[in-house]
Amino acid sequence: MTQREITARAPLLDGRGRIAQPGWARRMHYVYNREQARRNPFNLKEWNFYQFIKGHWVVQLTIGHLSYACNAAVTLLDLDTGEKREEGRLRLLRALDLDRDPEGPSVTEYRDEGFLLRFEVGDNLRRLTFQGESRRWGAAEVRLDVENDPANEKMVIATPFARPRQFYLNYKENYYRASGFVRFGELEVGLDGASGLLDWGRGIWPYRHKWWWGSLSAVVDGAELGLNIGWGFGDLSRATENVFFYRRRACKLGGLRADLEGGYMGPWHLTEEDGRMELRFQPIYDNYTERKLVVVDTSCHQVYGRFSGWAETDGGRVAFHDLLGFIEHAVNQW
């Protein structure tokens, strides 16, 4: 397929609230001009999501809103036992002022009684902090310093939908390296050397929707390696979400075919349409979540497992084996 790459700064939306140039970019070339969105403001959705993995520990931090509700949450997940410690807030009819450029500089925070989650983005550093008090776990805290290199290549995509004033702007960056810790009550987990990602999304899209998303961040023989895959969300005829990252450079991929053998927890086989990548994915844990609240109905199978396979880069084929990542399938009404 032919994919449109955006290589210079350009407004996301035109004067009619439509995506001016659907496509993808290696950096945040799109200018998120929120004022041009031409739908009911209650349809606007924005979020910042970070995830870090160290051994069998997964840490997730989220700040987001649906315009009629906002959400902030911190989760610590043990993939070996399935134990989950989390603390969050969901507030109806509360507005948040989220950043317009994921590369900063910016400060995004959610503050409530006994709860503070803050994302501070500087030129060379992302500082993620949390302080809270859990009824179940007691005092909770996160302190993370994350390298911020604007020169890294990313997966940025502007996706239209069937209705012309619906849109999705998504920025994903892999192979973050973190230092710090997370603590829930008596349990403290060191995160020095943890690998991570950022999922930054802004848009207006159908009330009922679904997606598939997979990600991997690792170091192989001293070289950073990352993977972002996705399908099933919006009109992807001008660009896919599929990118293989190697040595912090993006290798763009076409569409994927996914074969699941035995459901979510069976082996997966994924192949790229032009023969540039082949993956095997062996699940180890399904972090299933669901939420039902008034007009919100969400469910997500976030399946963690081990990736093995190869991908073609400009410098040749890169093979990898037994690297921890995830693939998720979400079905939502919100």
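This is a short walk through one chain, from its overall build to two residues in neighbouring topics.

Before the numbers, the ground rules. This is a predicted model, in which local features need pLDDT of at least 70 and side-chain atom pairs count only at pLDDT 80 or more, while totals for chains, interfaces and linings use all residues. Residues are numbered from 1 along each chain as its sequence is written, and side-chain values use heavy atoms, with hydrogens and water left out.

Overall build, then. The chain has 24 strands and zero helices; both are DSSP runs numbered from the N terminus, helices being H or I with at least four residues and strands E with at least two. Its radius of gyration is 19 Å, close to the 20 Å that the globule rule gives for 334 residues, so the chain is as compact as a globular protein of that length. That radius is taken over C-alpha atoms, and the rule is 2.2 Å times the number of residues to the power 0.38. The C-alpha trace spans about 50 × 50 × 40 Å along its principal axes.

Of the 334 residues, 56% count as buried, meaning under 20% relative accessible area, with exposed over 50% and partly exposed in between (1.4 Å probe, protein chains only). For contacts (heavy atoms within 4.5 Å) between residues at least 6 apart in sequence, 54% join residues at least 24 apart.

Now histidine 269. This residue sits in strand S21, residues 268-272. Is histidine 269 buried or exposed? Buried, because its relative accessibility is 16%. Leaving aside neighbours within four places in sequence, its contacts include Arg257, Asp259, Glu261, Glu278 and Arg280, and Leu279 is also among them. Proline 105, by contrast, lies 164 residues away in sequence and 40 Å away in space, C-alpha to C-alpha.

That brings us to leucine 279, in strand S22, residues 277-293. Leucine 279 has a relative accessible area of 0%, so it is buried. With neighbours within four places again set aside, leucine 279 touches Leu227, Trp268, His269, Leu270, Phe307, Ser308, Gly309 and Phe320. Threonine 129 is 150 residues from leucine 279 along the chain, and their C-alpha atoms are separated by 35 Å.
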